[in-house]
Amino acid sequence: MPIKISALVYYATMAANMVRLFLALIVVFGGVMSASAQTYRPSFQPDEMTDRPVGAPNVVMVLGTPHLHELPDNFQIEMIDPLVDRLVEWRPTAIATESSSGLLCDTMRRQAWRYPGHEKWCDFDPTPYGDSIGLDVIAANEQAERLLADWPEDPLIQQRRRLAAIFLAAGEPDSALVQWLRLPTNERRADDVLTEAMASYLTTKETRRSEGTIAARVAARMGLERTYEVDDQAFYAGPEPDQEAYGAAIMAAWDNPATARRREAYAALFDNLGQPGAFFEMYRALNAPSQAELIYASDFGAVLQDPSDEGFGRRYLSYWEARNLRMVANIRELLGRKPGTRMLAIVGASHKPYYEAYLAQMRDVKLVDVMPLLQN
């Protein structure tokens, strides 16, 4: 009898210990799996690689900018001249802007059901200019590419006017302005290809309150033939949400202390533009490293807290991140066309942190800080 009781106690103790061990393993491995799920980081980190390309690297400098047409009346287009001078001193060999290409806008117009509101970022209508020279957007883009592939080092005046006309038909008004500005002042006029309407448009565009004006002036002075429009609003996430509810959710997310600080800071910068040095002060503020955190806290981080069942905030962030990824992908594609490019990327200040974060992951892309160029 005592032997039987001892055996039972022994086996009971063994069973209890096995249960404890099993439970401990569950806790340990559960914790490991949970920690692994939370902290997983892929082993391949392109930005940590130390290899370098053969030959000159691709260099990108990102200039965050306000949208000049939204600045108050105390902004005058002549204020961009010193900025243009400094950008020319950096000697870019290609310039990318936050505009949509003629080909992309043509696609969006043809699929208006898919891209409601596309008129906001495709506000230039190339149709009348294309009709006057018998080219639609696709044909005009093809012809521009063919001409530039065999472009003479010193083209004739008529060739520049013709290319300007083709760029207008292609839906590339900034590149048309580059050709216009590369003409001698007394040759900026209509001819048998460049119509009076085209010449009138380009004359007006010379002083338009637009970042494209900055880009075109820099490109013309650098002897470049065009700019590149890399914006990409072709985001489609299925049928449109309830716009009223969507807008209300995003506006509620934006109603936060960081947004209030940002608006107050921007208002002070913009209101002061008439003062000496204020234009560069504005650009320094918008490009300062501290802006990235403020922009995120006021906008793209704030929308993640949207409690709507429809996930409106997360839908908005998906649009924003996808748009920036496409824009950076377009820049990366351009860099691949001519390795060793010095790319000036001019983009709205809210895009700058995303641009730099994504570009920093690219092999064969070297980022350059714009802040030294903006100092007094």
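**Entry: arginine 226 and glutamate 172**

I looked up arginine 226 in this predicted model and found that arginine 226 forms a salt bridge with glutamate 172, the closest N and O atoms being 3.7 Å apart. I then traced where the partners sit: arginine 226 lies in the loop between α9 (211–221) and β3 (228–231), and glutamate 172 in the loop between α6 (157–169) and α7 (173–181). The two are 54 residues apart, and the pair links distant parts of the chain.

**Entry: aspartate 174 and lysine 205**

I next looked up aspartate 174, which forms a salt bridge with lysine 205; the closest N and O atoms are 2.8 Å apart. Aspartate 174 belongs to helix α7 and lysine 205 to helix α8 (residues 196–205), so the pair, 31 residues apart, links distant parts of the chain. I noted a relative accessible area of 5% for aspartate 174, which is buried. Lysine 205, at 2% relative accessibility, also counts as buried.

**Entry: arginine 323 and glutamate 98**

Which residue does arginine 323 form a salt bridge with? I found glutamate 98, with the closest N and O atoms 3.1 Å apart. Arginine 323 is in helix α14 (residues 312–337), while glutamate 98 is in strand β2 (residues 94–100). This pair links parts of the chain 225 residues apart. I recorded arginine 323 as buried at 6% relative accessibility. Glutamate 98 has a relative accessible area of 16%, and because buried means under 20%, glutamate 98 is buried too.

**Entry: the whole protein**

I then turned to the overall counts. The structure holds 20 salt bridges, and the protein has 16 helices and 5 strands. I noted 38 positive and 50 negative charges, whose mean positions are 6 Å apart.

For the overall shape, I found that the C-alpha trace spans about 120 × 45 × 45 Å along its principal axes. The radius of gyration is 28 Å, whereas a compact globule of 376 residues would have one near 21 Å.

Buried residues make up 45% of the 376 residues. The protein exposes about 20400 Å², of which carbon and sulfur atoms supply 56%. Among contacts with a separation of 6 or more, I found that 80% come from residues 24 or more positions apart.

Conventions. Residues numbered from 1 in each chain as written. Predicted model: local features only at pLDDT ≥ 70, side-chain atom pairs only at ≥ 80, totals over all residues. Heavy atoms only, no water. Helix = DSSP H or I, 4+ residues; strand = E, 2+ residues; numbered from the N terminus. Rg over C-alpha atoms; globule rule 2.2 N^0.38 Å. Buried < 20%, exposed > 50% of the residue type's maximum accessible area, 1.4 Å probe, protein only. Contact = heavy atoms within 4.5 Å. Areas by Shrake-Rupley, 256 points an atom, 1.4 Å probe, with all protein chains shown as cover. Lys, Arg positive; Asp, Glu negative; His and termini not counted. Charge placed at Lys NZ, Arg CZ, Asp CG, Glu CD. Salt bridge = Lys/Arg side-chain N within 4 Å of Asp/Glu carboxyl O.
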